[in-house]
There are 2 protein chains.
Amino acid sequence: MSSGGPIGEVGELGVLADLRRVFGELASQEPSYLGIGDDAALLPVPGADRQLVATVDALVEGVHFERRYAPARLVGRKALAVNLSDVAAMGGIPRYALCALLAPPDLSLSWVHEFAQGFGDRAREFGVRIVGGNLSRGPCFAATVTVLGEVERGRAVTRDGGRPGDRLYVTGTLGASALGMALLRDEGPRPSPEVQEALTRAHLDPTPRLAEGRLAAGFARAMIDLSDGLVADLGHLCRASGCGAEVQAARLPWPREAEALATALWGSGAQAALTGGEDYELLCAVPEAQAQAFELAVGREGLSFQAVGRLTAGPGIEVVFEDGRREAARAQAFEHFR
Amino acid sequence: MSSGGPIGEVGELGVLADLRRVFGELASQEPSYLGIGDDAALLPVPGADRQLVATVDALVEGVHFERRYAPARLVGRKALAVNLSDVAAMGGIPRYALCALLAPPDLSLSWVHEFAQGFGDRAREFGVRIVGGNLSRGPCFAATVTVLGEVERGRAVTRDGGRPGDRLYVTGTLGASALGMALLRDEGPRPSPEVQEALTRAHLDPTPRLAEGRLAAGFARAMIDLSDGLVADLGHLCRASGCGAEVQAARLPWPREAEALATALWGSGAQAALTGGEDYELLCAVPEAQAQAFELAVGREGLSFQAVGRLTAGPGIEVVFEDGRREAARAQAFEHFR
């Protein structure tokens, strides 16, 4: 462990030296590869049968997390994970990351150190090289991360390929992250300690669904990751694809063990799944004719996708309840500036 | 022109819509290319005889500039330019940019709009596509920009290839940016209005030396861009190359018309050139045997490099004055956290 002193005392070079130690072989230099330490990274380019995938996303203190409840190591893991989720949603393979940090001078070096450890853990886990970055003073901590990846030409899945009749599938559990965030902010009735732990973990340490994205890319014709909430992100996919959608409320995978909390905060578990954001699960649209082969492949790979509805001619997104009642879906996207 | 209201009233979607309009065809979608609007950009990959160049840099309000003196359009131009300068220093060609913004809710949309116009102007000028970005609330305005480019395999110039005896060349004028920043911050005696304009322009709107970097890549065996000041950046190059250096004070290209200001602030014009940062000029080390051919090629292309010294066996960087006096160079790198 490194010093717990404020980075204002350690200085920029001290912080950079610590980051270099933490990233270790993830940032090492190789003949065909040049990482941290020159003006820019030089990266081997995959063959011309590949496309480059590039995405950028930021985690900002006071907006996306608070230091009082978010351990630095998990902030580091999430800063990379949310970008890996974007690569997953294209059906791509992540290769390189650049990590640009803002930090206030009174932040402790140990906080930055643990952030870097978490970031490095996720990089190691998914075979990502840390090839560049930037460090600047700022009024709060913020990590702006760029991830570069690759995808075989013709395999990438965008948002705009969906057609009426396509089946909609999601990975994982929806709404858990939003419920976890509510607990971290002391809202709502508390479930059991185990359930609290699972929900806050879903919020603080989401799992990027890279294997799921690679598999779905062989079958889906539209895909998106769920960062703004199912209704909002399905809305993005529908608009891009020129479709509507219907979602079966009873099929939504929300955390059943947190029903009281979900009901107190969102009216129902299904509404938590429809509205809660930051799940970083995948949503994809698979043509009916491919659905059986897709489900077989999912089972063979030991992965998990839940069918939750289908695309329609539209317009709009409807939620269908078990009693046959239909309702226009309500989105409440997170609005950064209001 | 768009509304001057605070972005807190316009909302995230309003800001994004405005950015899309400003970037126009720079962000347009093509069959083999997917830009803003999906989870990640999909980019055509140059042939495998190329390497990818990737760099990230941030401009932060209150650290790198103040809104009271830096027009939004110039902040936008500079946010891209400082990254293009890094690509230039590798001998590369910039291709794509991703622009991640933090913005406080009370910032006016017209400020963001003009930032985007400046960013787009520089992108257009250098043939760079804007392929992604991110927008988040934050306590100040900050732009974290990633630029991707390409370079022919074997042509890239890193910092570590310099050898004793190599001639050192720089582009442009050194120290002008630091003198311009001092004027913007009301420090030092004021030169004539024309000189003030030239110096503040050097600080607010630096020119990335892409043509110079491409040309130098055919001759130089080490190169770096001057962001921290000549002594500091030459120090980086020397450490990476395992060399020392000597710099001829009389050959340093500092702004002669600002001698009184330079002397008041730095003791001499030469010291302003040695110490002042943010010039975003290039420094390269050319083998003696290549120097004549390099200078001929520079003249033929209508470009300009000034010979300022040479690499030595070292250790350290010495400044040689006209009277033969030698002094160890003093660096005063900008320290972010002190």
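This is a dialogue on reading some features of a predicted model.

Me: Where do I start with chain A, and how many helices and strands does chain A have?
Reply: Chain A has 10 helices and 12 strands. Of its 338 residues, 61% count as buried.

Me: Among contacts in chain A between residues at least 6 apart in sequence, what percentage join residues at least 24 apart?
Reply: The figure is 84% for chain A.

Me: How is a pair of aromatic rings described?
Reply: Two quantities are used: the distance of the centres and the angle of the planes. Over all chains, the structure holds 16 aromatic pairs. One of them is formed by Phe115(A) and Phe141(A), with 5.0 Å from centre to centre and 65 degrees between the planes. This pair is edge-to-face, because planes over 60 degrees apart count as edge-to-face.

Me: Where in the chain do Phe115(A) and Phe141(A) lie?
Reply: Phe115(A) is in helix α3 (residues 109–125) of chain A, whereas Phe141(A) is in the loop between β4 (129–137) and β5 (142–152). They are 26 residues apart, and the pair links distant parts of the chain.

Me: Are Phe115(A) and Phe141(A) buried or exposed?
Reply: Both Phe115(A) and Phe141(A) are buried. Next, take a pair in chain B: Phe219(B) and Phe294(B) are tilted, at 5.5 Å centre to centre and 55 degrees between the planes. Phe219(B) sits in the loop between α6 (210–216) and β7 (222–225) of chain B, and Phe294(B) in helix α10 (residues 288–300). Here the two residues are 75 apart, and this pair too links distant parts of its chain. Phe219(B) and Phe294(B) are buried.

Me: Which residues do ring pairs link into a cluster?
Reply: The cluster consists of Phe65(A), Trp111(A), Phe115(A), Phe119(A) and Phe141(A).

Me: Which residue lies over the face of Phe321(A)?
Reply: Arg325(A) does, at 4.2 Å from the ring centre. In chain B, Arg325(B) lies over the face of Phe321(B), also at 4.2 Å from the ring centre.

Me: How are two packed helices described?
Reply: By the angle between their axes and the distance between the axes. In chain A, the axes of helix α2 (residues 72–89) and α3(A) come within 6 Å and cross at roughly 40 degrees. The helices α2(A) and α3(A) are therefore oblique to each other. Their crossing is right-handed.

Me: Which residues of α2(A) and α3(A) meet?
Reply: From α2(A), the residues include Val75(A), Gly76(A), Ala79(A) and Leu80(A). From α3(A), they include Trp111(A), Phe115(A), Gly118(A) and Phe119(A). Trp111(A), Phe115(A) and Phe119(A) also belong to the ring cluster.

Me: At what angle do α2 and α3 of chain B pack?
Reply: Helix α2 (residues 72–89) and helix α3 (residues 109–125) of chain B pack at about 40 degrees, with their axes 6 Å apart. So α2(B) and α3(B) are oblique to each other, and their crossing is right-handed. Among the residues making the contact are Arg73(B) and Arg77(B) of α2(B), and Glu114(B) and Asp121(B) of α3(B).

Me: Turning to the backbone, is the peptide bond from Gly314(A) to Pro315(A) cis or trans?
Reply: That bond is cis, with omega near 5 degrees. Pro315(A) is in the loop between β10 (306–312) and β11 (317–320) of chain A. The bond from Gly314(B) to Pro315(B) is cis, with omega near 0 degrees. Pro315(B) lies in the loop between β10 (305–312) and β11 (317–320) of chain B.

Me: What is the phi of Glu278(A)?
Reply: Phi of Glu278(A) is near 65 degrees, a positive value in a residue other than glycine. Glu278(A) is in the loop between α9 (269–275) and β9 (282–286) of chain A. With a relative accessible area of 15%, Glu278(A) is buried, because buried means under 20%. In chain B, phi of Glu278(B) is near 60 degrees, and this residue is buried at a relative accessible area of 14%.

Me: How far apart are Leu52(A) and Ala249(A)?
Reply: In sequence they are 197 residues apart, and in space 37 Å, C-alpha to C-alpha. Leu52(A) lies in strand β2 (residues 50–60) of chain A and counts as buried, at 4% relative accessibility.

Methods:
Residues numbered from 1 in each chain as written. Chains lettered and ligands numbered in written order. Predicted model: local features only at pLDDT ≥ 70, side-chain atom pairs only at ≥ 80, totals over all residues. Heavy atoms only, no water. Phe/Tyr/Trp six-rings, centres within 6.5 Å; stacked < 30°, edge-to-face > 60°. Helix = DSSP H or I, 4+ residues; strand = E, 2+ residues; numbered from the N terminus. Buried < 20%, exposed > 50% of the residue type's maximum accessible area, 1.4 Å probe, protein only. Lys NZ or Arg CZ within 6 Å of the ring centre and 35° of its normal. Axes fitted to C-alpha atoms, helices over the stretch in contact; angles between N-to-C directions. Parallel < 35°, antiparallel > 145°, perpendicular 65-115°, else oblique. Left-handed = near helix turned anticlockwise from the far one by under 90°. Contact = heavy atoms within 4.5 Å.
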